[in-house]
Amino acid sequence: MRDEPLVLGIETSCDETGVGIVRGHTLLADALASSVDQHARFGGVVPEVASRAHLEALVPTMQRALDEAGVTLADVDAIAVTSGPGLAGALLVGVAAAKGYALAAEKPIYGVNHLAAHVAVDTLEHGPLPEPAVAMLVSGGHSSLLLVDDLTAGATPLGATIDDAAGEAFDKVARLLGLGFPGGPIIDRSARDGDPASIAFPRGLTAPKDLAAHRFDFSFSGLKTAVARWVESRERAGEPVPVADVSASFQEAVCDVLTAKAIDACRSHGVDTLVIGGGVAANSRLRVLAEERAARHGIAVRVPRPQLCTDNGAMVAALGAHLVAAGVAPSRLDLPADSAMGLTAVSVPG
Ligand code: KG4
Ligand code: ZN
């Protein structure tokens with residue numbers, strides 16, 4: 001439909017420079033440049049390296065997105081950019097670029113929440129999000145369960161991790177197994193050759209005594225330590241570490257807890273749609289287990305395709321288009337890069 005808003009989205013909160021273009025719920029372009037290889041030898045994202053890489057990649061990525069969509073900047077109705085949360089220096093590059101483009105092309109600008117964008121991206125694949133929905137956001141920096149009554153108005157936090165994020169746990173376990181960075185995709189692959197029932201790793205915050213205060217919260221630090229101890233004891237005994245079995249058993253522990261709590265959240269709030277977003281939503285076992293368990297309770301699971309789960313510009317454009325269509329006022333041109341942006345703000349107010 002031609003009258004749906006044409007929105008360009010810029011994402012630079014971590015190590016991916018993303019520029020996406022959507023028309024309403026239709027994805028027209030999703031250009032991405034990643035600095036992940038530059039961080040691999042450090043075992044984690046180095047903020048200064050990421051900022052510099054964004055600076056170099058932004059203009060070419062922007063051009064690729066416009067070419068891919070077959071539009072010019074003059075054609076777009078609005079520019080959306082991740083305002084936060086994320087790495088301060090990295091965010092600043094995207095926000096400054098978006099302001100420059102908005103000013104030069106005389107377009108409204110929307111500073112948007114990265115986490116809300118991880119939820120909104122699903123609309124590109126599955127259409128408008130039924131509301132209310134429960135959203136589970138699982139990325140390198142966040143693991144949260146949210147109740148979404150109206151995506152333009154923010155979400156009600158139901159629970160979150162009390163220590164490591166789910167993606168962080170994947171990254172740390174991959175590191176201790178010597179598998180490389182980022183760990184999620186590598187463990188996902190390694191787990192395919194392993195037995196998920198071979199090692200009984202702990203399921204954080206699932207014991208009855210923990211559920212009283214932390215029913216919808218997560219904890220992955222004990223699991224990470226348990227994996228480290230198990231691997232150490234093998235090495236001390238001079239026995240080989242069965243990497244695939246450790247990967248599969250660790251992955252099973254994470255996915256078991258995530259899906260059990262997400263479905264409990266849906267059932268206790270009478271919600272029949274679960275949307276999963278963030279880099280860990282790309283995990284093959286999480287997708288299957290969520291489907292299986294949700295189906296038993298008549299809950300529909302919506303997970304975008306893996307490329308849309310990890311950071312990208314299309315998710316920012318999708319949220320921007322949603323805000324434009326809902327008549328939400330644009331942000332002011334002096335909008336900040338807000339590294340600690342909370343989940344209650346979907347966009348920076350005008
Ligand atoms: O959403 P994202 O791209 O960036 C953040 O906002 O953090 O998420 C990155 C995280 C990393 O920790 C990465 O290891 C994890 O998502 N990840 C995965 C998979 N693909 C990416 N975790 C498990 N399985 C995967 N297939
Ligand atoms: Zn993310």
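The model is a predicted one.

**Overall architecture**

The protein chain contains 13 helices and 10 strands. Its radius of gyration is 20 Å, and because a compact globule of 350 residues would have a value near 20 Å, the chain agrees with that expectation. Along the principal axes, the C-alpha trace extends over about 65 × 45 × 30 Å. Contacts between residues at least 6 apart in sequence join, in 74% of cases, residues at least 24 apart.

| Property | Value |
|---|---|
| Radius of gyration | 20 Å |
| Share of the 350 residues counted as buried | 53% |
| Accessible surface | about 14100 Å² |
| Part of that surface belonging to carbon and sulfur atoms | 54% |
| Distance between the centres of positive and negative side chains | 4 Å |

The charged side chains comprise 27 positive and 41 negative ones.

**Isoleucine 276**

Strand E9, which covers residues 273-277, includes isoleucine 276. Is this residue, isoleucine 276, buried or exposed? Its relative accessible area is 1%, so isoleucine 276 counts as buried, the cut-off for that class being under 20%.

Leaving aside residues up to four places away in sequence, isoleucine 276 touches Met136, Val138, Ala281, Leu286, Ala290, Val301, Arg302, Val303 and Pro304. Alanine 318 lies 42 residues from isoleucine 276 in sequence, and the C-alpha atoms of the two are 16 Å apart in space.

Methods:
Residues are numbered from 1 along each chain as its sequence is written. Chains are lettered from A and ligands numbered from 1 in the order in which they are written. This is a predicted model: local features need pLDDT of at least 70, side-chain atom pairs count only at pLDDT 80 or more; totals for chains, interfaces and linings use all residues. Side-chain values use heavy atoms; hydrogens and water are left out. Helices (H or I, at least four residues) and strands (E, at least two) are DSSP runs, numbered from the N terminus. The radius of gyration is taken over C-alpha atoms; the globule rule is 2.2 Å times the number of residues to the power 0.38. Buried means under 20% relative accessible area, exposed over 50%, partly exposed in between (1.4 Å probe, protein chains only). Contact means heavy atoms within 4.5 Å. Accessible areas come from the Shrake-Rupley method with a 1.4 Å probe; for residues, only the protein chains shown count as cover. Lys and Arg count as positive and Asp and Glu as negative; His and the chain ends are not counted. The place of a charge is taken as NZ of Lys, CZ of Arg, CG of Asp or CD of Glu.
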